[in-house]
Amino acid sequence: MSGETTAAVLRPDRARPTADLIPIHRSNSRSKEHQTMTASVDVAGQQFIGGRRRRGTSAEELVVVNPSNGERLAEDVHASPADVDEAVAAARAAFRSWSRTTPARRSELLHALAAELQGMSAELAALESAQGGKPIKLAAGFDVPGTIDNVSFFAGAARNLDGKASAEYSGQHTSSIRREPIGVIGSISPWNYPFQMAGWKILPAVAAGNTIVLKPSELTPITSVLFAEAAQRVGIPDGVINVVTGHGSTVGSALVAHADVDMVSFTGSTAVGRQVAATAAGAIKRVHLELGGKAPFLVFDDADLEAAARGAVAGSLINAGQDCTAATRAYVQRRHYDAFVERVAELMAGVVVGAVDDPATDLGSLISTAHRDRVAAMVDRARDAGAEVVTGGAPGTGELARGAYYQPTLLVGAAQDSEIVRDEVFGPVLVALPFDGDDEGLALANDTRYGLAASAWTGSVFRAQRAAAEIQAGCVWINDHIPIISEMPHGGYKASGSAKDMSTYSLEEYTQLKHVMSASAPEPHKDWHDLVVTVAGDGPPR
Ligand code: NAD
């Protein structure tokens with residue numbers, strides 16, 4: 001399994017160039033196979049508390065809808081404050097034993113979880129596709145196998161906590177490091193990659209010996225609950241992983257503020273992250289923040305133009321652009337600019353927009369009609385402010401109008417200080433802008449409050465090294481844009497947050513360091529006592 005899943009973590013060998021994705025297909029009907037797949041999984045009860053799936057007890061209805069066609073996928077009631085208390089209490093009760101479970105046993109259970117999820121992968125992909133309105137080929141080729149690879153990675157990482165060497169640094173003590181779990185983690189995740197985000201939150205936390213209460217986005221809870229339930233089936237004890245659903249302003253903020261939550265881990269927008277950080281700061285809770293992005297895509301004049309154009313289309317349209325690392329601002333050195341714009345527009349016009357359960361579909365819907373309208377309004381304002389729409393620039397039409405579709409869109413002529421260049425659109429929208437010298441290109445790439453990811457396209461190793469060193473972002477790709485891998489950290493600079501997901505760096509963020517300093521000899525007199533008090537007979541004469 002591991003070879004198969006590792007290869008699927010959006011590595012280049014699996015990525016199909018978007019140029020192959022012609023002709024345009026614009027149907028929006030559901031396949032029989034997909035219907036059976038989503039219907040075969042029991043999704044009743046979206047709270048998973050103390051090892052039991054059940055309904056919430058608030059007065060607020062939860063309805064999960066496929067945004068590509070409006071179909072209702074699951075119905076429940078959101079968690080009440082009492083449900084949140086119960087979930088945190090279950091996590092607290094499980095902490096003592098789980099934190100003392102050997103790393104080897106935790107690892108064994110996570111390996112079993114990887115196998116369990118692998119067995120469910122077709123159903124998980126169908127549900128992930130349906131609740132997020134994302135193409136089945138992305139859910140089946142990236143979201144689900146990438147998450148399972150993360151489970152396998154953290155199964156290994158659980159046995160690999162790092163620290164400095166124990167030694168007699170003072171000459172009179174043995175100093176050693178303990179890396180300990182923090183306690184109960186309150187986690188909050190967004191809707192764009194719900195299954196992956198559940199993994200990124202749950203795995204490093206529990207691998208390090210913490211217990212967790214996860215609140216997924218109210219729009220997409222289904223696969224997070226299935227993740228927790230699968231963990232329980234393979235023997236991860238009740239209460240180690242809990243899931244509660246609800247809106248951010250009620251259940252999310254209750255979890256962040258809960259007195260018995262020791263650390264808050266949040267992935268979402270920068271605006272909400274700021275509120276979460278403020279609440280957590282009041283109680284001096286550790287905070288892990290993964291926030292928004294506005295990735296630059298920098299094309300130098302010695303770049304392979306075809307590679308850059310294909311990379312820009314795939315990198316901006318992945319998950320309908322609802323990706324925190326998506327290419328959003330293409331800065332192209334003037335010599336290549338016109339040809340780049342022409343080729344990107346040609347490729348975008350060939351993208352297959354269609355039913356999300358059709359394996360031929362490249363671009364699915366946005367997460368909701370409200371979000372689609374927000375994207376459309378941003379593009380309209382950009383147009384009003386002088387930008388030109390080269391392709392796209394409108395919602396889906398015909399059958400696609402039933403869902404939250406928006407066309408692949410390329411804009412030119414926007415001002416650097418305009419909303420469309422500065423703010424997150426989180427839709428299938430790329431803005432192209434020209435630049436002249438290298439200094440200008442790098443300055444434009446860094447002219448943003450965000451710093452999550454960026455790419456530089458060049459044939460020169462020196463330009464590549466300079467871009468890697470000077471771009472202020474947590475990830476800089478060279479001649480590619482988007483791939484991630486379990487072994488390497490993902491996380492931001494600046495307003496994109498300061499935390500790391502995936503990799504052993506993330507595991508460390510869910511631990512706290514303790515220095516244990518143990519006297520080497522039993523004598524009551526220690527040399528340093530003489531600096532404070534000299535007991536007769538011990539030190540020099542008074
Ligand atoms: P969001 O900030 O609106 O919501 C994220 C989560 O926070 C949801 O579960 C929501 O219910 C909850 N929430 C909202 N208000 C809250 C509050 N006051 N207290 C506690 N919880 C609250 O973001 P979204 O629209 O769900 O997701 C899109 C955003 O996520 C984008 O900005 C995107 O860039 C970002 N994102 C970042 C990463 C990363 O790794 N850096 C990954 C994925 C998404």
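**Cavities and ligand shell**

Lining the largest cavity are Lys294, Ser316, Gly321, Ala326, Thr328, Ile420, Val425, Phe426, Gly427, Val429 and Val431. This is a predicted model, in which local features need pLDDT of at least 70, side-chain atom pairs count only at pLDDT 80 or more, and totals for chains, interfaces and linings use all residues. Residues are numbered from 1 along each chain as its sequence is written, and side-chain values use heavy atoms, with hydrogens and water left out.

A cavity here is a set of points, on a 1 Å grid over the protein atoms alone, where a 1.4 Å probe fits but cannot get out; lining residues have an atom within 4 Å of a point. The largest cavity holds about 60 Å³ of space, a volume being the space filled by probe spheres set on the points.

The second largest cavity also has a volume of about 60 Å³. Its lining includes Gly293, Asp323, Cys324 and Glu424.

I turn now to the ligand. Which residues are the closest to the ligand? They are Ser189, Ser269, Leu291, Glu424 and His490, among 28 residues that surround the ligand, each with a heavy atom within 4 Å.

Polar contacts are pairs of N or O atoms within 3.5 Å. A polar backbone atom of Ser189 is 2.7 Å from an oxygen atom of the ligand. For Ser269, a polar side-chain atom lies 2.6 Å from a ligand oxygen atom, while a polar side-chain atom of Gln275 lies 3.1 Å from a nitrogen atom of the ligand.

How values were computed:
A polar contact is a pair of N or O atoms within 3.5 Å; within protein, one must be able to donate a hydrogen and the other to accept it, and residues adjacent in sequence count only if both atoms are side-chain atoms. On a 1 Å grid over the protein atoms alone, a cavity is a set of points where a 1.4 Å probe fits but cannot get out, and a pocket is an open set with protein on both sides within 12 Å along at least five of seven lines; lining residues have an atom within 4 Å of a point.
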